[in-house]
Amino acid sequence: MEAGHGTWALEEGNFKIFEEFASRSGADVRLNTKVTAVYNVTEFDQIGKPVHRYAVQTSDGAHQVFDDVVLASPLALSEIQFGFPAERHHRDYHVVHVTLVAGHINPHYFGKDSIDKTPTFVITTGHPLGKQDTQALVIILTLYQLYKVKNFQDGSAPFQTFSVHRQLDNGEQVIKIFSSHELSEEELDELFLNKSWAFRKKWHAFPELYPITDEHQFVPFVLKMEGEENGIIYTSAFENFISTMETQTIAGKNAARLLYDKWCEHRHCKLFGDGWGSY
């Protein structure tokens with residue numbers, strides 16, 4: 001859950017990377033346009049041969065027909081109506097709360113007598129170890145010394161990770177906290193001596209992990225009615241196997257390859273290569 005330290009970011013925000021992807025592709029980007037329905041339509045070409053396409057309807061009532069559709073949003077969260085029973089492919093997503101705080105850490109919370117001795121990275125187990133009324137913490141300090149701190153009154157940790165991300169010129173530190181619930185002001189007041197800023201974000205981070213059985217299989221990468229040759233490409237299906245931003249780029253590559261194979265079957269196209277731009 002914790003991104004590695006020493007990573008890089010764009011000055012204006014990493015979203016600029018994806019804006020450039022869309023801009024350089026020449027795509028018709030339609031922001032603030034919610035898709036409400038996707039359904040199959042059959043048209044006929046110049047020689048009367050049936051051609052299967054997809055009609056996409058948006059919240060403003062408009063609709064447009066496309067050759068193919070790539071769904072890059074979890075089915076259960078998309079609120080999109082489909083021309084096939086998509087409910088069987090719904091998966092519950094694990095909710096994670098992220099809290100960013102600028103302030104001074106309370107060293108006594110971690111059993112220390114000064115801020116410079118407080119841990120820079122804390123990971124909790126999520127379940128008590130040993131006695132039921134205590135919670136074991138593995139604390140990774142700057143010197144990578146390991147400690148166990150028993151500081152939770154009800155035996156459960158208020159967070160999963162607690163990490164220092166930046167030291168500010170005014171002496172404050174920027175802390176990122178992951179938790180399974182929204183941290184209250186009272187909980188933050190216990191963690192910090194004082195704070196000047198706090199930001200909270202709730203998000204559906206990744207699918208709940210369930211055992212794979214005959215009745216509960218991995219979601220298919222192509223969603224379609226039984227007997228259909230083609231279908232809607234569903235990149236979030238890969239999240240049910242492994243859910244990271246990095247592996248979703250592989251899902252995007254898979255989607256591009258499927259479209260390449262379909263569109264270039266009877267026409268001359270530039271070689272797909274390794275899919276990352278090397279030919």
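Is glutamate 185 buried, partly exposed or exposed, going by its relative accessibility? At 36% relative accessibility, glutamate 185 counts as partly exposed. The scale here is buried under 20% relative accessible area, exposed over 50%, and partly exposed in between, with a 1.4 Å probe and protein chains only.

Before I go on, a word on the source. This is a predicted model, in which local features need pLDDT of at least 70 and side-chain atom pairs count only at pLDDT 80 or more, while totals for chains, interfaces and linings use all residues. Residues are numbered from 1 along each chain as its sequence is written, and side-chain values use heavy atoms, with hydrogens and water left out.

Back to glutamate 185. Its side chain meets that of lysine 195 in a salt bridge, at 3.1 Å from N to O. The pair links distant parts of the chain, 10 residues apart: glutamate 185 sits in helix α3 (residues 185-191) and lysine 195 in strand β12 (residues 192-207). Lysine 195 is partly exposed too, at 28% relative accessibility. Salt bridges with shared partners join Glu182, Glu185, Asp189, Lys195 and Arg200 into one network.

By salt bridge I mean a side-chain nitrogen of Lys or Arg within 4 Å of a carboxyl oxygen of Asp or Glu. Helices (H or I, at least four residues) and strands (E, at least two) are DSSP runs, numbered from the N terminus.

A search of the whole structure gives 14 salt bridges. One of them pairs lysine 34 with glutamate 79, at 3.7 Å from N to O. Lysine 34 is in the loop between α1 (15-25) and β1 (35-44), and glutamate 79 is in the loop between α2 (75-78) and β5 (81-82), so this pair ties together parts that are 45 residues apart in sequence. Lysine 34 is partly exposed, with 38% relative accessible area, whereas glutamate 79, at 60%, counts as exposed.

Another joins aspartate 67 to arginine 53, with the closest N and O atoms 2.6 Å apart. Because aspartate 67 lies in the loop between β3 (63-66) and β4 (70-71) and arginine 53 in strand β2 (residues 50-58), the pair ties together parts 14 residues apart in sequence. Both are partly exposed: aspartate 67 at 41%, arginine 53 at 23%.

Last, the disulfide, meaning a pair of cysteine sulfur atoms within 2.5 Å. The whole-structure search finds one. Cysteine 264 and cysteine 269 form it, with their sulfur atoms 2.0 Å apart. The torsion about their S-S bond is about -95°, so the disulfide is left-handed. Both cysteine 264 and cysteine 269 are buried.
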